[in-house]
Amino acid sequence: MTTLEAESKGLPPQEKETIKSVSIPNAKVIEGNVHYIVQVQGSFNAWCVLKRYSHFEEAHKEFVDCFKNSFPQGAVFPPKKLKFFQSHTSPEFVEERRVLLENYLRKLVAVKNLAKHSVLMGFLTKGKQKLEIKEKDEEMPEDVEITDISIPTTRVMSDHVLYQIDLVNERKRKTYSKWTVLKRFTQIWEMDQKLRASLADDPDKLATLPPAPQRKAKLLHDHMDPSFIESRRILLQNYLKKIIKCHVAIRSLIVLEFLGVQ
């Protein structure tokens with residue numbers, strides 16, 4: 001469709017469109033391949049596209065070449081992994097890659113000049129489909145002790161990394177509504193394992209928990225590498241946000257005590 005044809009039908013010409021926000025809320029397996037559902041909000045309308053990891057990989061090379069010095073820090077692209085070591089369709093693998101790809105796209109879109117760049121626009125409009133209207137997320141119950149959680153930064157020590165977990169309970173007085181805890185990855189992983197063990201006799205409740213954070217062998221990964229630390233921060237934040245939205249987890253003393261709820 002030409003620009004004149006688009007404008008005659010009341011549609012905004014693509015060169016005037018700017019990406020306002022982007023998310024990857026889910027993924028689905030089609031004929032054995034994982035397709036990530038990318039939802040895009042533009043200046044004039046919203047749509048979605050289905051992308052495989054290989055599409056992202058090809059686009060990333062083009063982005064790096066086009067954007068050069070404008071390429072944003074923190075836009076860590078998840079590296080390719082061999083299927084020999086792990087199934088690329090397992091829920092844990094798909095969720096980890098989904099979160100990292102979403103963060104990657106959001107870092108690009110956050111840069112004003114890139115959000116309207118023809119190369120990024122082309123990637124996010126090729127194969128565009130109508131966006132299905134999603135029901136609003138269920139509101140959190142009134143009696144929960146944590147209403148928001150984030151990991152905004154990390155503290156790199158001599159031989160380990162501490163993740164700064166900021167917590168909010170907007171229903172408390174301002175003086176007591178925010179607090180912070182510092183945790184190593186191992187501590188978060190052990191909390192998750194303890195929580196799962198406590199639900200071992202109740203498979204229905206156990207099934208409501210989000211996928212556990214994945215351990216990475218130090219033999220294969222440099223745990224002090226900045227890109228590794230940033231990726232792990234993003235993944236842990238996603239995990240904890242899902243934990244506090246899980247009705248079973250947010251009422252567990254194991255979780256509450258771990259997160260410093262008094």
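## Strands S5 and S6

Strand S5 (residues 148-156) pairs with strand S6 (residues 161-168) in the antiparallel sense, over seven bridges. Pairing here requires at least two bridges found by DSSP. The two strands form a hairpin, with four residues between them. Val156 stands opposite Val161 in S6. Helices (H or I, at least four residues) and strands (E, at least two) are DSSP runs, numbered from the N terminus.

## Basis of the model

This is a predicted model: local features need pLDDT of at least 70, side-chain atom pairs count only at pLDDT 80 or more, and totals for chains, interfaces and linings use all residues. Residues are numbered from 1 along each chain as its sequence is written, and side-chain values use heavy atoms, with hydrogens and water left out.

His60 sits in helix H2 (residues 53-67). His60 is buried, with a relative accessible area of 19%. Buried means under 20% relative accessible area, exposed over 50%, and partly exposed in between (1.4 Å probe, protein chains only). Neighbours within four places in sequence aside, His60 is in contact with Phe71, Phe77 and Tyr104. Contact means heavy atoms within 4.5 Å. Phe71, Phe77 and Tyr104 also belong to one aromatic cluster, together with Tyr53.

The whole structure holds six aromatic pairs. One of them is Phe63 with Phe67, which is stacked: 5.5 Å centre to centre, 10° between the planes. Rings of Phe, Tyr and Trp (its six-membered ring) pair if their centres lie within 6.5 Å; planes under 30 degrees apart count as stacked, over 60 as edge-to-face and the rest as tilted. Both Phe63 and Phe67 lie in H2, four residues apart, about one turn of the helix. Phe63 counts as buried because its relative accessibility is 1%. Phe67 is buried too, at 4%.

## Ile37 in strand S2

Ile37 is found in strand S2 (residues 33-42). Its relative accessible area is 19%, so Ile37 is buried. Ile37 and Arg98 are 61 residues apart in sequence and 9.1 Å apart in space, C-alpha to C-alpha.

## Helix H5

Helix H5 (residues 118-125) is mostly covered, with six of its eight residues buried. These are Val119, Leu120, Met121, Phe123, Leu124 and Thr125. They pack against strand S1 (19-30), S2, strand S3 (46-51), H2, H3 and helix H4 (112-115). Just after H5, Gly127 takes a positive phi of about 80°.

## The second largest pocket

The second largest pocket holds about 530 Å³ of space. Its lining has 30 residues, of which Glu96, Leu100, Lys216, Ser231 and Leu235 lie nearest the centre. Helix H3 (91-109) and helix H8 (226-245) are the elements that give two or more residues to this lining. H8 gives the most, with nine. The lining divides into 15 nonpolar, five polar and ten charged residues. Ala, Val, Leu, Ile, Met, Phe, Trp, Tyr, Cys and Pro count as nonpolar, Asp, Glu, Lys and Arg as charged, and the others, Gly among them, as polar.

A pocket is an open set of points on a 1 Å grid over the protein atoms alone, where a 1.4 Å probe fits, with protein on both sides within 12 Å along at least five of seven lines; lining residues have an atom within 4 Å of a point. Grid points are joined across faces, edges and corners, and a volume is the space filled by probe spheres set on the points.
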